[in-house]
Amino acid sequence: MAAGIQDISALVAAWGKGDEQALSNLIPLLYTELRRIARRHLGRWRPGHTLESAALANEAYLKLIRAGGVRCENRVHFLSLCSQIIRRILVDHARNRGYAKRGGDALRVPLDEALLGMRNRGIDMLALNEALDSLARIDARKSRVVELRYFGGLTIEETAGILGISPETAKRDWRMAKAWLFAALTGEQGTQRI
């Protein structure tokens with residue numbers, strides 16, 4: 001990457017203060033990473049979907065423009081925000097395609113071993129979104145850990161830094177959230193408390 005981390009952090013901070021030109025300068029520097037995040041999300045969908053990583057990255061950029069500046073502390077924080085936006089775009093896409101509670105040929109999102117500890121397990125994107133929303137109502141921080149780790153691709157240390165918690169707490173939250181989501185997505189009992 002040609003631009004230094006400090007340059008990127010300065011652009012992120014300027015955009016957070018409402019400087020629209022900073023976002024215009026920032027996106028070309030991080031576009032490759034945005035596409036990587038989008039590809040990671042799309043890689044979890046079954047083959048045959050019509051979305052492309054470039055389209056997702058571009059849609060995320062448009063949503064950032066419409067937001068008009070969101071306070072982000074650094075590059076990692078900005079990319080985690082982009083990952084959340086991409087996740088929401090995919091959920092909206094699934095809803096718009098008529099998959100919500102209509103039976104149909106639901107889009108499937110395979111959850112890797114890191115999330116559920118099972119090989120080749122697939123779940124509906126909307127079911128995952130509803131489960132994360134339920135988890136957020138019970139424990140918002142654990143839900144946020146899942147968003148940052150699973151959807152954002154952040155390390156335990158990066159996640160802990162964003163949330164202002166210790167890496168040990170982030171690991172514990174990650175383990176507990178995975179167990180809770182597994183129970184919620186497979187219909188097992190005990191998903192009321194975490």
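Student: So axes are lines fitted to C-alpha atoms, for helices over the stretch in contact, and angles run from 0 to 180 degrees between N-to-C directions. At what angle do H7 and H8 pack?

Tutor: Helix H7 (residues 140–151) and helix H8 (residues 156–163) pack at about 135°, and their axes are 10 Å apart. A helix here is a DSSP run of H or I with at least four residues, a strand is a run of E with at least two, and both are numbered from the N terminus. Bear in mind that this is a predicted model, where local features need pLDDT of at least 70, side-chain atom pairs count only at pLDDT 80 or more, and totals for chains, interfaces and linings use all residues. Residues are numbered from 1 along each chain as its sequence is written, and side-chain values use heavy atoms, with hydrogens and water left out.

Student: Thanks! What do we call the way H7 and H8 lie to each other?

Tutor: They are oblique. Under 35 degrees would be roughly parallel, over 145 roughly antiparallel and 65 to 115 roughly perpendicular, while the rest count as oblique.

Student: Is the crossing of H7 and H8 left-handed or right-handed?

Tutor: Right-handed. In a right-handed crossing the near helix is turned clockwise from the far one by less than a right angle, and in a left-handed one anticlockwise.

Student: Which residues meet there?

Tutor: On the H7 side you have Arg141, Arg144, Val145, Leu148 and Arg149, and they meet Ile156, Thr159, Ile162 and Leu163 of H8. Contact means heavy atoms within 4.5 Å. By class, that comes to 5 nonpolar, 1 polar and 3 charged residues. Ala, Val, Leu, Ile, Met, Phe, Trp, Tyr, Cys and Pro count as nonpolar, Asp, Glu, Lys and Arg as charged, and the others, Gly among them, as polar.

Student: And how do H6 and H9 pack?

Tutor: Their angle is about 125°, with the axes 10 Å apart, which makes H6 oblique to H9. The contact of H6 with H9 has 11 nonpolar residues, 1 polar and no charged. Among the residues that meet are Leu132 and Leu135 of H6 and Trp180 of H9.

Student: Switching topic: how many residues are in the largest nonpolar core?

Tutor: 31, and those with the most contacts inside it include Trp15, Phe78 and Leu90. H4 gives the most, with 10 residues. A nonpolar core is a set of buried Ala, Val, Leu, Ile, Met, Phe, Trp, Tyr and Cys residues joined through side-chain atoms within 4.5 Å. Buried means under 20% relative accessible area, exposed over 50% and partly exposed in between, with a 1.4 Å probe and protein chains only. A second, separate core has 17 residues, including Leu132, Val145 and Trp180.

Student: What does Phe78 touch?

Tutor: Leaving aside neighbours within four places in sequence, Phe78 contacts Val12, Trp15, Leu23, Leu26, Ile27, Leu30, Leu64 and Cys72.

Student: Where is Gly68 found?

Tutor: In the loop between H3 and H4. Gly68 is partly exposed, with a relative accessible area of 34%. Not counting residues up to four places away in sequence, Gly68 touches Trp15 and Gly18. Gly68 and Leu23 are 45 residues apart in sequence but 9.3 Å apart in space, C-alpha to C-alpha.

Student: Last one: how many helices and strands does the chain have?

Tutor: 9 helices and 2 strands, in the order α-α-α-α-β-α-β-α-α-α-α along the sequence. Of the 194 residues, 45% count as buried.
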